[in-house]
Amino acid sequence: MKAIGFEQPFKLSDGNLFKTFNLDIPEPKVHEILVKIQSISVNPVDTKQRLMDVSKAPRVLGFDAIGVVESVGNEVTMFNQGDIVYYSGSPDQNGSNAEYQLINERLVAKAPKNISAEQAVSLPLTGITAYETLFDVFGISRNRNENEGKTLLIINGAGGVGSIATQIAKAYGLRVITTASRNETIEWTKKMGADIVLNHKESLLNQFKTQGIELVDYVFCTFNTDMYYDDMIQLVKPRGHIATIVAFENDQDLNALKPKSLSFSHEFMFARPLNQTDDMIKHHEYLEDITNKVEQNIYQPTTTKVIEGLTTENIYQAHQILESNTMIGKLVINLN
């Protein structure tokens, strides 16, 4: 099978070091399914993983994928040959930048039937990240009535995670404030359902004051935690909760959380598969809910750019676009 990978970590300034490899098609065992991939979505985590040491070459990246089940392991119970499924994988295995991939059935769900593959593949990684943040980290209720009156602030509402997190939060009864700066990103996050959009190039504290916005219950940071750390602490209610998906680059004072008795969490949606937790099935369950909500026209896909063909040039181009930090929504590559 064709796969796009690399043999050593590299920066984009080093040139295009992605290569095409011809690998054997793997066979599924136990709870694995073999998927013939139709479309993939490239995420910021791909660009970060490209910089990490390669323990076994070639390193094949890629997380979001949608495709057809070709065969199943002998203990698979949830899927059959021919099912169209989507998922987001794990960094400890060969990724979806390939024609075929093995994946544990607990990380997979059947894809929505009312949208195309290139639309559906925008949802797994960002959707699971948002679900884990809202339900596992913040502990919001599955009963939307119990969430009414609570407010979520999302830093960077127009990115992949912010786009779907806004929709999920609104579907479950939260008031949502997002940040954006360009006209197109402001319009996009409004389209996703944001109640209020603030300009993240201006002081968030001043905008809260001038617009009479009360302190929020939750803050979800999807861009530069260091930059917003102090502001987030000031903008959240006492005993509130801050979560981020962006690792700190500088030392920060955790004692600053104490005066308000705040909780701070790092969200990493690969924690379950990497650590083989007993509740890995959560990925399947969250994806099932996403599928149901899409088919009910409650959620909309977030694909905004589509590239045709699995090539080294297209993977390199996708990484360039993501590292420019100008991407709205999600970038997808169709294999066929």
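The following legends describe close-up views of a predicted model.

**View 1. Domain 1 and domain 2 of the chain.** The domain assignment places residues 2-125 and 273-334 in domain 1, and residues 138-266 in domain 2. Between the C-alpha centres of domain 1 and domain 2 the distance is 27 Å.

**View 2. The interface of domain 1 and domain 2.** On the side of domain 1, 15 residues make contact with 17 residues of domain 2. About 1,200 Å² is buried between domain 1 and domain 2, and 63% of this area lies on carbon and sulfur atoms. Within domain 1, the residues that lose the most area to domain 2 are Y299, Q300 and I328; together these three account for 42% of what the domain 1 side buries.

**View 3. H284 and E288, the residues of an annotated binding site.** An unreviewed UniProt entry carries the annotation "binding site" for H284 and E288. H284 belongs to helix 10, which comprises residues 281-295, and E288 is found in helix 10 as well. H284 counts as buried because its relative accessibility is 9%, which falls under the 20% cut-off. E288, in turn, is classed as partly exposed because its relative accessible area of 40% lies between the cut-offs of 20% and 50%.

**View 4. The surroundings of H284.** When neighbours within four places in sequence are left aside, the contacts of H284 are M78, F79, E105, R106, V108 and A109.

**View 5. Helix 11, residues 312-323.** Helix 11 contains 12 residues. From its first C-alpha to its last, helix 11 reaches 17 Å, close to the 16 Å expected at 1.5 Å a residue. After helix 11 comes N325, which has a positive phi near 60 degrees.

**View 6. The buried residues of helix 11 and their packing partners.** The buried positions in helix 11 are T312, N314, I315, Y316, A318, H319, I321 and L322. Among the elements against which the buried residues of helix 11 pack are strand 1 (2-5), strand 2 (19-22) and strand 3 (32-42). Helix 1 (44-49) is a further packing partner of these buried residues, as are strand 14 (303-308) and strand 15 (330-334).

How values were computed. Residues numbered from 1 in each chain as written. Predicted model: local features only at pLDDT ≥ 70, side-chain atom pairs only at ≥ 80, totals over all residues. Heavy atoms only, no water. Helix = DSSP H or I, 4+ residues; strand = E, 2+ residues; numbered from the N terminus. Expected span 1.5 Å × (residues − 1). Buried < 20%, exposed > 50% of the residue type's maximum accessible area, 1.4 Å probe, protein only. Contact = heavy atoms within 4.5 Å. UniProt positions renumbered as here; feature names shortened; annotations may be inferred. Domains from an automatic or database assignment. Buried area = accessible area lost by both parts, 1.4 Å probe.
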